[in-house]
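Subject: Structure handover and notes

Dear colleague,

I am passing on the structure below, and would be glad if you could read the notes that follow with the coordinates open.

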Amino acid sequence: VLVLAGGDGDDREAIRRSVDELGGIGDRVVFTGRVDDGARSWLLHHAAALAYPSLDEGFGFPLLDAMQAGVPVVASTAGSIPEVAGDAALLCPATDVAALAQNLHLAITSPSVRSSLVAAGRQQRDHPIGNELVGLEPPTGRGRRQDQECGQQHGGETHIAILLKLD
């Protein structure tokens, strides 16, 4: 399941049209809208990977949140993302769809790549900057769906794509 979390952006309709064009698998894409910290934590702690193909990112808090949750990260090379991610993410230009797909495939299907990213994520999140900024608590109410509206995280909108593990 692909979960797209975050408030509506300027491109939401284009994204919805693209999902509709997927045909029979479009029902495996979930748009959550804004999520509160508890729902975000639950999503990250149940994720197979975090996809963060941002075109313009100020800092990259979602990457640190994913690292805190032990989730492999696939992200773009925009803004400060390479510095925030360090060696703890598979990076590619946000507009390179083939590279993004290949990186997601590796992060999800290769045990060695996955464990390497998670281990590097632990080190990166423990870096003095990451350690001070990440405050992701372990999830509560496992298995319970949370559809609550929330305020803005870290002073602005955060849009993340999460590939959920289906147990």
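In helix α2, the residues Ala 39, Arg 40, Ser 41, Trp 42, Leu 43 and Leu 44 are buried, where buried stands for under 20% relative accessible area, exposed for over 50% and partly exposed for what lies in between (1.4 Å probe, protein chains only). Helices (H or I, at least four residues) and strands (E, at least two) are DSSP runs, numbered from the N terminus.

Please keep in mind that this is a predicted model, in which local features need pLDDT of at least 70 and side-chain atom pairs count only at pLDDT 80 or more, while totals for chains, interfaces and linings use all residues. Residues are numbered from 1 along each chain as its sequence is written, and side-chain values use heavy atoms, with hydrogens and water left out.

The N-terminal end of α2 is capped by Asp 36, which places a side-chain oxygen 3.1 Å from the backbone nitrogen of Gly 38.

The structure holds three salt bridges, a salt bridge being a side-chain nitrogen of Lys or Arg within 4 Å of a carboxyl oxygen of Asp or Glu. One of them joins the side chains of Arg 40 and Asp 37 (3.1 Å, N to O), and both residues lie in helix α2, three residues apart, which is about one turn of the helix. Arg 40 counts as buried because its relative accessible area is 8%. The side chain of Arg 40 also meets that of Asp 65 in a salt bridge (2.7 Å, N to O); since Asp 65 lies in helix α3 (residues 61-68) and Arg 40 in helix α2, this pair ties together parts that are 25 residues apart in sequence.

Another salt bridge links the side chains of Asp 8 and Arg 12 (3.0 Å, N to O). Asp 8 is exposed, at 60% relative accessibility, whereas Arg 12 is buried, at 9%.

As for the strands, β3 (residues 47-52) is mostly covered, with six of its six residues buried. Strand β3 runs parallel to strand β4 (residues 73-76), and three bridges join the two, where pairing requires that DSSP finds at least two bridges between the strands. Within this pairing, Leu 50 has Val 73 of β4 as its bridge partner.

With best regards

Technical notes:
A polar contact is a pair of N or O atoms within 3.5 Å; within protein, one must be able to donate a hydrogen and the other to accept it, and residues adjacent in sequence count only if both atoms are side-chain atoms.
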